[in-house]
Amino acid sequence: MRESAPAKVNLFLHVVGRRGDGYHLLDSLVVFAGAGDVLTGEPAAALTLELNGPFAPGLQSEADNLVLRAGRALATETGVAAGARLVLDKHLPIAGGIGGGSADAAAALRLLARMWGAPASAVAAVAGELGADVPACIASRPARMGGIGDRLAPAPVLPPLGLLLVNPRLPVSTPEVFKARMGAFSGEAVLPLGWGSAAALAADLARLSNDLEAPAIALCPAIADVLAWVRARPGCLLARMSGSGATCFGLFEDAASAQAVAADAPDAWWSWGGGLHEG
C-alpha cells in the first residue's frame, strides 16, 4: 500500500488571538503542493518504521516518530492488534513550516485505516490529538483553517497556478517563533468566493500577511535571503513564508513556470516547483 504526504502551504497566516491555555488562534488559507513524502506499508506482526530519502538522517534520532505515534493511536482507538511494516521516503525539509511531520502522520492514518479496516470516525478521533495540522492533512485539500488548526472550512475556488517552494535547509522551531512574535493580534481575513486567475489570487493575498514571518526572520535571517530571491524571479506574483518557516513559496501563473524557476535555485537550498496536489 502507498500513500503520499503532500506539503501543506499557508498562503496567508494571521494570528488572531490566544487561548487561556497558551495556544494561539489562527486564520489561514492552506493548499497542498505536488511535492511530498511517500509512505508505503505492508502487513506485519509488529508496527515498525524504516526511514529513507534525502531528509531521513534528520529523523533517525527521533525516539518517537509521528508516524509511529499515529499508528499506535489508531490501534488503541480501534482495538486492532495487528501491526505493519512502514517505510517513509522523506523528501520534505524537517521543521520547514510545510507540515511535513503532520502530513506523514496523516498518510500513516490513511494507509493503516485501509490496511486494518478502521472507520473514518476513528481516523478523525485520532488526528486532532497528533497535532494541529493533522486534520487538514488527512484530506490534503485546500481549506480555510481556524482555531488552533482544528476548525476547517472549504477554501474559496482556486484558479490553476504554479507553486515554488524554497528552503535554506535550516530548521526553525515553531514554539520559538511564536514566542518571538510581538505586537497586536490580526483580524480574520475577508476572502471572495473564488478567484478567476492566479494574478487575482496573488493581488488579494498581497493585502494579507504571514504574522510569523518577521519573528522567523529574526531567528533565521536566511529566510529573508530566500524571500528576496523568490520575489526577484521573473513571473513571480507573490513571495511569502509558509507556516513558521523556514520554507518560502512563490506563486506563478502555471506549474511549468514554477518548475523552471526551481531548477535555477542555489544548490545550497532545497527547492521544488510545480502545481497543487491532485488527490
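N10 sits in strand β1 (residues 2-18); strands here are DSSP runs of E with at least two residues, helices are DSSP runs of H or I with at least four residues, and both are numbered from the N terminus. This is a predicted model, in which local features need pLDDT of at least 70 and side-chain atom pairs count only at pLDDT 80 or more, while totals for chains, interfaces and linings use all residues. Residues are numbered from 1 along each chain as its sequence is written, and side-chain values use heavy atoms, with hydrogens and water left out.

**Around N10**

- N10 counts as buried because its relative accessibility is 2%; buried means under 20% relative accessible area, exposed means over 50%, and partly exposed lies in between (1.4 Å probe, protein chains only).
- The side chains of N10 and S28 make a polar contact at 2.8 Å. Such a contact is a pair of N or O atoms within 3.5 Å; within protein, one must be able to donate a hydrogen and the other to accept it, and residues adjacent in sequence count only if both atoms are side-chain atoms.
- The N10 side chain also reaches the backbone nitrogen of G243, at 3.2 Å.
- Setting aside neighbours within four places in sequence, N10 is in contact (heavy atoms within 4.5 Å) with several residues, including L29, V30, G97, M241 and F249.

**The nonpolar core**

- The largest nonpolar core has 37 residues, and L39, L74, L86, L109, L112, L130 and V134 touch the most other members. A core of this kind is a set of buried Ala, Val, Leu, Ile, Met, Phe, Trp, Tyr and Cys residues joined through side-chain atoms within 4.5 Å.
- Elements that each supply at least two residues of this core include β2 (24-44), α1 (66-78), β4 (83-89) and α2 (100-116).
- Helix α2 gives the largest share of this core, 11 residues.
- Beyond its neighbours within four places in sequence, L86 is in contact with residues that include L39, L47, V67, L111 and L112.

**A sheet and its helices**

- Look for an open sheet of 4 strands in the order β8-β9-β7-β10, with antiparallel pairing; two strands pair if DSSP finds at least two bridges between them.
- The edge strands β8 (238-241) and β10 (270-274) each pair on one side only.
- From one strand to the next, the twist averages 15 degrees. Axes are lines fitted to C-alpha atoms, for helices over the stretch in contact, and angles run from 0 to 180 degrees between N-to-C directions.
- Strands β8 and β9 (residues 248-252) run antiparallel and are joined by 4 bridges, and C248 in β9 is the bridge partner of M241.
- Helix α6 (residues 198-206) lies across β8 and β9, at about 50 degrees to β8.
- Helix α8 (residues 222-231) lies across β7 (162-167), β8 and β9, at about 165 degrees to β8.

**A206 in helix α6**

- A206 belongs to helix α6, and its relative accessible area of 47% makes A206 partly exposed.
- Leaving out neighbours within four places in sequence, A206 is in contact with L238 and R240.
- A206 and G183 are 23 residues apart along the chain, and their C-alpha atoms are separated by 20 Å.

**The aromatic pair**

- The structure holds 1 aromatic pair. Rings of Phe, Tyr and Trp (its six-membered ring) pair if their centres lie within 6.5 Å; planes under 30 degrees apart count as stacked, over 60 as edge-to-face and the rest as tilted.
- The ring centres of W229 and W269 are 5.9 Å apart and the planes stand at 85 degrees, so this pair is edge-to-face.
- W229 lies in helix α8 and W269 in the loop between α9 (255-262) and β10, so the pair links distant parts of the chain, 40 residues apart.
- Both W229 and W269 are buried.
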